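The following explanation is intended to be read alongside the sequence and the coordinates. Please keep both in view.

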Amino acid sequence: MPGPDLILVHPPSVLGFRELPIFFGPISDVVPSSSIFEIYPIGFLTISEYLHRHGIETRIVNLAQKMLRSRSFEPREFLKKLRPVAFGIDLHWLPHADGSLSVAELMKELHPGIPIILGGLSATYFREEIMRDYPFVDFIVCGDSTEEPVRRLIEAIRQNSGYETVPNLVWRDGSGATRFNSMTWRPESLDYVNFDYDLLLKMSLRHRDPSGYLPFKYWLRYPVTAVFSCRGCHHNCGSCGGSISAFMKVCSRNAPCFRSPEVLAEDIRNAAELTSAPIMVIGDLMQAGLPYAQRFLDAIKKYPVKNEIALEFFNPPPAELIERIGRSIEHFNVEISPESHDPKIRATFGKLYGNKEMEDSIGELLAAGCRRIDLFFMVGLPYQDRASVMKSVDYCGELLRKFGKRLLPMISPLAPFIDPGSRIFQEPERYGYTLFCKTLKEHREAMLKPSWKHALNYETRWMKRDEIASTTYEAALRLLEIKERFGILERSKAQSLMRNIDLAVDLLKKIDCKAVMDDTLKADIQRMNSADSLCDKHELDWPVKCGFATFRGVSRLLSKIF
């Protein structure tokens, strides 16, 4: 069987995570992945499908997942056997600063004649530094929509010419000089993108590598899927690399682009035919306006989707939309991130709504049949001190008292990094922040620090790093008590998590005191890296009605393969 043209490799956040004594802490407690961020970008799926449609064979290798699943898995030996036309590595999320560069360097050592391509928002932001300081990276494909630039780049690599015609490309010419092609590929519509989960399964069978396609550690038990409504954003949240100001700086895009609402609804139908698991719609439907959201709901109502559908809203949705959601989607859940109980703090972070507006919307959502509303609060915001954080936790108790346990409040630190390109990253002093890391090299070094507290790339005028860490754990303890009181967590589970928090606090103190780590401390770090701390990792799981694939989905897939 001939090898693929392009192998997309997703690295762990830190390549040496299995050996290095690093206490990663609660940096990923409210997302499905572990602390090595093994979820690969959804762009891997859309790039693979787009290239497949254009006759370019592609394979996905979730290296992080493989390393996490088996300590005996040897990445060097595995990568040595691969022989594509080119390797693609994502440097999308900045926590992969070490993993992406370390894997790229390793693969260049193993395959000096095979080009290494980087892509993603962080790679785009740091493109000059990467090309200057990391010669093992041959190309960077910039921007938020790289399907077509990657297609053209693979064709240019095959011909060893024409690189100057590839949009959004950073490359080296024959003299070794770095060339920056114009970022002209900025599609105004995402309807050219397809979400073909069938293709992922077919590729895993073709390459006899199911684990290479698994999105995160426990995906087989909780096979959630996702579709996105847009790339870019109308909002300007302070620390977000996906905000409108960040996208203007990083991707030269001054407005988000959208998928047609009817096509988005069809994406969900196609996923539901394959699996009965929850489906997440990434991106606030209201960003494109109320008529867009209404068209989507009209379209999805035509399909008999029984899956749990999760919608996210950046502002509380209006009553007329909520009522329509209840009539159009049988099982729906909602995510909202108010960040703080204090509307003034929320506003400085970029969210301009009050508590009454949010609470009215919560009541309307529950009345319309919303199965669960996840509320996310954060530690590390402008004007936020310890007392303010604890008031946010108390506010969670007030909301549970008022609305009941269909609400699921969560709190986590703004960690490990403020996103490059965001308002706070670009002008930290203006918002009361001090940044410890500004270059990619500094962020890479931060990921190798002994604990998550030392890895934080910031502190604020109101809380230093020590207090951000201690307040995070104090707030988590109080929230656990509240959740136990309202029956969200069983007493035994709450008590277990509280013990883990005590151990985590003690571990941070030991790491601070130890100039050199002994074997006992290293063992404690490994143990805590695999333990839940701020919350039960599976609290955020939406219900899975039965196994991974529906009978109809399996039949449809087998008919396509055979």
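The paragraphs below treat a histidine, a tyrosine, the nonpolar cores and a helix in turn.

The model is predicted: local features require a pLDDT of at least 70, side-chain atom pairs count only at pLDDT 80 or more, and totals for chains, interfaces and linings use all residues. Residues are numbered from 1 along each chain as its sequence is written, and side-chain values use heavy atoms, with hydrogens and water left out.

Histidine 10 belongs to strand E1, which covers residues 6–10; strands (E, at least two residues) and helices (H or I, at least four) are DSSP runs numbered from the N terminus. The relative accessible area of histidine 10 is 0%, so this residue counts as buried. Burial here means under 20% relative accessible area, exposed means over 50%, and partly exposed lies in between, with a 1.4 Å probe and protein chains only. A polar atom of the histidine 10 side chain lies 3.1 Å from the backbone oxygen of isoleucine 39, and the backbone oxygen of glutamate 38 is 3.5 Å from a polar atom of that side chain. Beyond its neighbours within four places in sequence, histidine 10 is in contact (heavy atoms within 4.5 Å) with residues including Phe37, Tyr40, Val61, Asp90 and His96.

Tyrosine 125 is located in helix H5, residues 121–125. Its relative accessibility is 22%, and it is therefore classed as partly exposed. Although 296 residues separate tyrosine 125 from glycine 421 along the chain, their C-alpha atoms are 7.2 Å apart. The side chains of tyrosine 125 and glutamine 426 form a polar contact at 2.7 Å; such a contact is a pair of N or O atoms within 3.5 Å, where within protein one must be able to donate a hydrogen and the other to accept it, and residues adjacent in sequence count only if both atoms are side-chain atoms. Leaving out residues up to four places away in sequence, tyrosine 125 also touches Lys249, Val250, Pro420 and Phe425, among others.

The largest nonpolar core contains 181 residues, and Phe23, Leu118 and Ile130 have the most contacts inside it. A nonpolar core is a set of buried Ala, Val, Leu, Ile, Met, Phe, Trp, Tyr and Cys residues joined through side-chain atoms within 4.5 Å. A second, separate core has six residues, among them Phe376, Leu408, Met410 and Cys535.

Helix H7 comprises 13 residues (147–159) and reaches 19 Å from its first C-alpha to its last, close to the expected 18 Å at 1.5 Å a residue; the expected span is 1.5 Å times one less than the number of residues. Buried residues of H7 include Glu147, Pro149, Leu153 and Ile157. Just after H7, asparagine 160 adopts a positive phi of about 55 degrees.
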